[in-house]
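The sequence and the structure come next.

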Amino acid sequence: MAPRKRSGRGISFIFCCFRSSDHPEITYRLRNDSSFALQTMEPSLPMPPVEELDAMFTELVDELDLTDKHREAMFALPAEKKWQIYCSKKKDQEENKGATSWPEFYIDQLNSMAACDCKLPASILRFVLMAGFVTRFIDLDGLSCILNFLKSMDYETAESRIHTSLIGCIKALMNNSLGRAHVLAHLESINVIAQSLSTENIKTKVAVLEIMGAVCLVPGGHKKVLEAMLHYQKYASERTRFQTLINDLDKSTGRYRDEVSLKTAIMSFINAVLSQGAGVESLDFRLHLRYEFLMLGIQPVIDKLRQHENSTLDRHLDFFEMLRNEDELEFAKRFELVHIDTKSATQMFELTRKRLTHSEAYPHFMSILHHCLQMPYKRSGNTVQYWLLLDRIVQQIVIQSDKGQDPDATPLENFNIKNVVRMLVNENEVKQWKEQAEKMRKEHTELQQKLEKKERECDAKAQEKEEMMQTLNKMKEKLEKESSEHKQVKQQVVDLTAQLHEMSRRAICAASPGGPPMPPGAPGGPSPSPTPGSLLPPPPPPPLPGVCPPPPPPPPPPGGPPPPPGPPPLGGMMPPPGPPPGMAFKKKSIPQPTNALKSFNWSKLPENKLAGTVWTNIDDTKVFKILDLEDLERTFSAYQRQQKEDAIDDTLSSRHKVKELSVIDGRRAQNCNILLSRLKLSNEEIKRAILTMDEQEDLPKDMLEQLLKFVPEKGDIDLLEEHKHELDRMAKADRFLFEMSRINHYQQRLQSLYFKKKFAERVAEVKPKVEGK
């Protein structure tokens, strides 16, 4: 809460003698306690013209050093009144033209006065109002003479009228602007004046309190008064600086008028101390000073003072309580309360604890309480000094400004809160930098380990690639070799087929000297008829070793003319429809392929038509022994390419294929694999996100909800622990559950992280209900 600046209301009656907001003028009393006033008389000389009278009166007013407001009042008087005042003043000056009217006379009297009840010339209090007298008095260091006399007084002089007269001199000096500035600028003036509070003379005490109360209203004077009261505490050997004032406030002398006068002056001084200086704007400073008076027991004394039933005293008491109630209400608003009982240690502790519970300062608050319990305590020792030191440190923290300035007298010298806090901030920053550097070092180590792991994986992949290239090169060489062999065999088959056709052609030509017969069944051609007595041609030569018989001719294309019939039977005779009686074909033993072969679009020649062809004279068993049946099977296999690819894949993957190990429920493993595929994070990345409360926001809220469904159960953990030595063989889901089970409080961490992710959403849902919207 911003400090509330105090208004000037109520200040006008703090001091009975003050009636304006200007710098205060201190009134004083002379003989018979009558207020001093310029004595008017009937002028014996005729009044000069108005212009001349105004010039003479202006000179007189300048000598009196009045405030602007009083000067205006003086000039507003009628001409007759001005002339009377001027004549009265001039008459006094004429009567006091002797040596006693000069400042030197009074200064010599002060310097030569013995410690006896001598009377000071009362006229000094009158002439001190004249500007010329004040200037000369100050130039001759008259103030130092008065202060030195006050410091060297014995007890009898301190209780005499001399003491009262000297304080009156200082009051008269402070009614002059030049004299007031000189008194405030003096290093010891306020401290020496405060020493006069030790007297039992009520009039002297009242005069001292009026001077110090007026100094509180002057800029820069408030702190001087507080320092003067601290000086008086040491001078009078009091426990606190305001102890004497509270004692005098509570003391009863039996003399009603003097008692009321003193107590009124004390209360007006206390109100000035509480409401002026830094207290104009700072609530904490007002509370600080008021608590000092409350600790001395001022409240029951104030209740007791009500019995005097004096209106002036009651106004000061009302002003004190009004300021207190306003400040306490404003202070309670900081804690959203109406009142704080500062007498209750329990309530003040609870408010402090509640304020710091959810803050970074709470551990330090607990540390303070812990060490307070350890504070040494001895009834007869100096333990109270430890608490006094702690109290003063806290006070200075509260009231010292951000610029390191103390509005009150510094409880601890050379103790600048701002510098100490800056040192702590720097220390905290250094600590944070160290922690950050340590964190970065750990991250660097982790990255280096990951890099080394990736390098090892790359090396392994490179080695695998090299082995695969070697395998591929070997297979390529083998394929090239087999392809060349295949081409050679194919060429041999072509050559043998050509030779067989050539030999068949020659045999037919030799059997038909007239030329080759027309194809049977040709349009217009005669049907072939056997020639009687013709001889059969010789059998064809046996096939060459390693040569397979030529394949049958391909079938005719669809829609084309029918193929010409084969060569006529030897001798021009049609072959019999079947084998002759008594003859039977041998059943051939044909080896069967292990795989299906390619289908050829050829028509197989029936066995009953093999008679008279080259196939009848070929020994199949010898041919099968000569031919490389396995090579033919590979060449003409229907699954040739797939077999090659399967062979390559089997060769490459046989080394690396390892049977996976899975011990958890199959359906649970399948669902876990689906979750991990959607999450797209490695196990290490998931672990790091959980342990760091997902600083990088890697885990979406819905994924966390799914992860909570796959928390490793005790049965799963026991099974996985039994097979932890087979970690490399574990299935993906099993390995995930195993690594998550190694995290301490894994389920609680997940639940906390899920609560963190859902917090903002839940607050948004609850807030309208709480606010009643």
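K205, D248 and K251 are linked in a network of salt bridges, a salt bridge being a side-chain nitrogen of Lys or Arg within 4 Å of a carboxyl oxygen of Asp or Glu. By this rule the count comes to 30 salt bridges. The model is a predicted one, in which local features need pLDDT of at least 70 and side-chain atom pairs count only at pLDDT 80 or more, while totals for chains, interfaces and linings use all residues. Residues are numbered from 1 along each chain as its sequence is written, and side-chain values use heavy atoms, with hydrogens and water left out.

Helix α22 spans residues 417–511; helices (H or I, at least four residues) and strands (E, at least two) are DSSP runs, numbered from the N terminus.

| Pair | Closest N to O distance |
|---|---|
| K454 and E457 | 3.9 Å |

K454 and E457 are separated by about one helical turn because they are three residues apart in helix α22. E502 and R505 are also three residues apart in this helix, and therefore about one helical turn separates them. For R506 and E502 the spacing is four residues in helix α22, so they too are separated by about one helical turn.

E457 is partly exposed at 36%, as is E502 at 30%. R505 is partly exposed at 43%, whereas R506 counts as exposed at 56%.

K450, K453, R456 and R688 form a positive surface patch. Patches are made of residues with over 30% relative accessible area and no salt bridge, with like charges joined within 9 Å and nonpolar side chains (Val, Leu, Ile, Met, Phe, Trp, Tyr) within 5 Å. Lys and Arg count as positive and Asp and Glu as negative, with His and the chain ends not counted; the place of a charge is taken as NZ of Lys, CZ of Arg, CG of Asp or CD of Glu. Helix α22 gives the most to this patch, with three residues. R456 lies in helix α22 and counts as exposed, at 53% relative accessibility.

A nonpolar surface patch is formed by Y386, W387, L390, V394, I397 and V398, which together have about 530 Å² of accessible area. Accessible areas come from the Shrake-Rupley method with a 1.4 Å probe, and for residues only the protein chains shown count as cover. Y386 is placed in helix α21 (residues 383–399) and is partly exposed at 44% relative accessibility.

For the chain as a whole, there are 31 helices and zero strands. Of its 773 residues, 31% count as buried. The accessible surface is about 50,300 Å², and 56% of this belongs to carbon and sulfur atoms. Among contacts (heavy atoms within 4.5 Å) with a separation of 6 or more, residues 24 or more positions apart account for 71%.

Terms used. Buried means under 20% relative accessible area, exposed over 50%, partly exposed in between (1.4 Å probe, protein chains only).
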